[in-house]
Every structure is written in C-alpha cells, then in structure tokens.
Amino acid sequence: MKTRTNIHAGDALRNCQRERDYWKAQAERMEAIAKGPGPYRPPSPSPTPSPLPQPGGGWVGGVWYSDRSGWCG
C-alpha cells in the first residue's frame, strides 16, 4: 500500500504558524507601548510679551490693548 503525502501542506502550516507568531508578537508589542509611559513633553513656555508698542495700555491674556481713555469713537 502506497501512502500519498503532500510536502507543500507542511510548508503551509509552517508559514501560518510563523505568521501567527508574528502578529501575536506585534499585538504584545502594541500592548506594552499602550501601557507604558507616554513620550516626554517639556512644558511649553508661556508667551513672552513683546515690548510695548506705544505708551499707555497693557497686556490682557497675552494681547496688548492700548489705553483709550478719553477716546470717543
């Protein structure tokens, strides 16, 4: 009695296992990244007001407002 074998079937199984192991490793890597600390981000410096554009007025919330007291219009 002669037994027929298909050599390619073993290769397909081996390839599937290799692909499964690859994607399992990728999922574990992404899980580790998600649970790890985030990237370091230094605190952003507060905006430095530029020199006063004209005498009289002041900065409010980082915006310069000129003094308009006594101004009609």
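Figure 1. Two aromatic pairs are found when the whole structure is searched. Rings of Phe, Tyr and Trp (for Trp, its six-membered ring) pair if their centres lie within 6.5 Å; planes under 30 degrees apart are called stacked, planes over 60 edge-to-face, and the rest tilted. Tyr22 is partly exposed, at 45% relative accessibility, and Trp23 is exposed, at 53%. Here buried means under 20% relative accessible area, exposed means over 50%, and partly exposed is in between, using a 1.4 Å probe and protein chains only.

The model shown is predicted: local features need pLDDT of at least 70, side-chain atom pairs count only at pLDDT 80 or more, and totals for chains, interfaces and linings use all residues. Residues are numbered from 1 along each chain as its sequence is written, and side-chain values use heavy atoms, with hydrogens and water left out.

**Figure 2. Aromatic pair Trp59 and Trp64.** The rings of Trp59 and Trp64 form an edge-to-face pair, with 5.7 Å from centre to centre and 65° between the planes. Trp59 has 32% relative accessibility and is therefore partly exposed. Trp64 has 16% and therefore counts as buried.

Figure 3. Ser66 belongs to strand E2, which covers residues 63-66. Strands (E, at least two residues) and helices (H or I, at least four) are DSSP runs, numbered from the N terminus. The relative accessibility of Ser66 is 26%, so this residue is partly exposed. Ser66 and Gly56 are ten residues apart along the chain, and their C-alpha atoms are separated by 6.0 Å.

**Figure 4. Salt bridge between Arg20 and Asp21.** The whole structure contains two salt bridges according to the search. A salt bridge is a side-chain nitrogen of Lys or Arg within 4 Å of a carboxyl oxygen of Asp or Glu. In the bridge between Asp21 and Arg20, the closest N and O atoms are 3.0 Å apart. Asp21 is partly exposed, with a relative accessible area of 41%, while Arg20 is exposed, with 52%.

**Figure 5. Salt bridge between Glu31 and Lys35.** The side chains of Glu31 and Lys35 form a salt bridge, with 3.6 Å from N to O. Both residues lie in helix H1 (residues 7-35), where Glu31 and Lys35 are four residues apart, about one turn of the helix. Glu31 has a relative accessible area of 42% and is partly exposed. Lys35 has 66% and is exposed.
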